[in-house]
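Open the model in your viewer and keep the selection panel at hand. We will go from one selection to the next.

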Amino acid sequence: MGKHTPLYEKHLAAGAKLVDFGGWDMPIHYGSQIEEHHIVRQDAGVFDVSHMTVVEIHGDRGEDYLENLLANDIRRVRRPGQAVYSAMLNEQGGVLDDLIVYATGDPYLAVVNCATREKDLDWMSRQAQPFGCRIVEREDLAILAVQGPTAIARVSRLVTAEHAETIASLKVFQGSWCQDWFIARTGYTGEQGLEIILPGVDAADFWDALLADGIHPVGLGARDTLRLEAGMNLYGSDMDESVSPLESNMESTVFLEGRHFIGAEALRSQQASGPGAMLVGLVMTSRGVLRAHYPVFADGEAVGEITSGAFSPTLQHAIALARVSRLSSDMAVEIRGKMHPVTCVTTPFVRNGQPVFKPRSGT
Amino acid sequence: MAEFPSELRYLETHEWARLDDDLIVVGISDHAQEALGDVVYVELPEIDSAVLAGDEVAVVESVKAASDIYAPLSGRVVAVNEALEDSPELVNEMPYGDGWFFKIKPEDPSALESLLSADDYKTICENEEH
């Protein structure tokens, strides 16, 4: 038996099919992954993501600590509580994890992946010592993500007046504490929505209120196809310690100029010599499904492999992220011994329910 | 709970087979479609192709994985369910009805009797879950 979130009984009651997810028993779907996907694109769905790890960074020098820890630049934030998405690197420039830090000031709030929990806590604590900072895991908190075009309006009607006021005050990619709830306009779906970090003891009541309002529970299966359509990386599939953010389509989250952070020197030398690989979007409009580890070819030459692939419920054809050494106008993926033509495209594939990808220039 | 119609025969690999006049109709079980999740694509065999019992003759792709479909009997493929091209969800909705995959003209229809009974197949599925 795996670990249970405070909503475990609620998942069973909602008819969830549970799977092991990094040591947690988590819902993969509640009947149909594809229906749940469409609900988030068209209306609003709720995900229990309480398996993710919430950490607080305590100390006067929290900003200096994060400046050293992250490839993204915490000093660039314009608004209090702004979310900073960043890679956390080792000295070699390899990606230890990707995380969101909310620029709340002391204590800063961060959310890291569950599969890398121990490694992250160990690394973050070790780096904290010279800055006199302290890393505190908040195991008492649950996380619910309510996502979709109607999500913000619907949640605003269901919460207290104070919480609704906080929601109304937030810009996209900003979060704020309101009493003991942290509410943020962030997510992993490419839709409008909220991520709400709240005491585990409050989670079941809030879940019930959301479902009573007709907001459908959505499993981690749809979460994966939604994030892939949104062109968002999944740690462990699309990047890991063996690759740098420059090879992971994360260039826009790396700020090297005039900065020192862990892994920066490695990135500078990689930038000078040119990264060996790039992470790109692929689409296949013929029938079939692209899946992780299928080999990718350019002009008949093997150039890499798919890191994440799926049938896109919104686009009704296969999409993938692939790490390749070069692009070409003649690209293909090998599926069960047969070559299938694919097109290399910009990501995201889908934004706010609409296709937005274009063929990449130079292909 | 998955259904295991007693009038069908089954393979350990989760196909079902049914005699329909002199043809064998083949699909995947309710248990299999539940385990796969939403089916998004089915690659069917070519009509007129000769198949041997145990051959990989089709592929079912769900949101979760790609799985091979094996021929339960030797013979010749005489029909495929073209409706699955545009509506692969039929495999989830009616695994024993409109979600059938293909029909074989068997060399030896009596070989059907050597496949698993519903009870034996059900036992295998239950053991898989533990």
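**Before you start.** This is a predicted model: local features need pLDDT of at least 70, side-chain atom pairs count only at pLDDT 80 or more, and totals for chains, interfaces and linings use all residues. Residues are numbered from 1 along each chain as its sequence is written, while chains are lettered from A and ligands numbered from 1 in the order in which they are written.

**Stop 1: a strand in chain A.** Select residues 278-284 of chain A, strand β14. Strands here are DSSP runs of E, at least two residues long; helices are runs of H or I, at least four; both are numbered from the N terminus. Is β14(A) mostly covered or mostly open? Five of its seven residues are buried. Buried means that 20 or more other C-beta atoms, placed from the backbone, lie within 10 Å of the residue's own.

Strands pair if DSSP finds at least two bridges between them. Find A:Met278; its bridge partner in β17(A) is A:Val324.

**Stop 2: two domains of chain A.** Colour 8-49 + 139-229 as domain 1 and 277-363 as domain 2. These bounds come from an automatic or database domain assignment. Their C-alpha centres lie 30 Å apart. The contact takes eleven residues from domain 1 and twelve from domain 2. Contact means C-beta atoms, placed from the backbone, within 7 Å. On the domain 1 side, select α2 (33-42) and α8 (220-229); each supplies at least two residues. The largest share, five residues, comes from α2(A).

**Stop 3: chain B.** How many helices and strands does chain B have? There are four helices and nine strands. From the N terminus, trace β-β-β-α-β-β-β-β-β-α-α-β-α. The radius of gyration of chain B, 13 Å, is close to the 14 Å that the globule rule gives for 130 residues, so the chain is as compact as a globular protein of that length. That radius is taken over C-alpha atoms, and the rule is 2.2 Å times the number of residues to the power 0.38. Of the 130 residues, 42% count as buried.

**Stop 4: where the chains touch.** Bring chain A back. The contact takes seven residues from chain B and ten from chain A.

How values were computed:
Two residues are in contact if their C-beta atoms, placed from the backbone, lie within 7 Å. A residue is buried if 20 or more other C-beta atoms lie within 10 Å of its own, exposed if 12 or fewer, and partly exposed in between; C-beta atoms are placed from the backbone.
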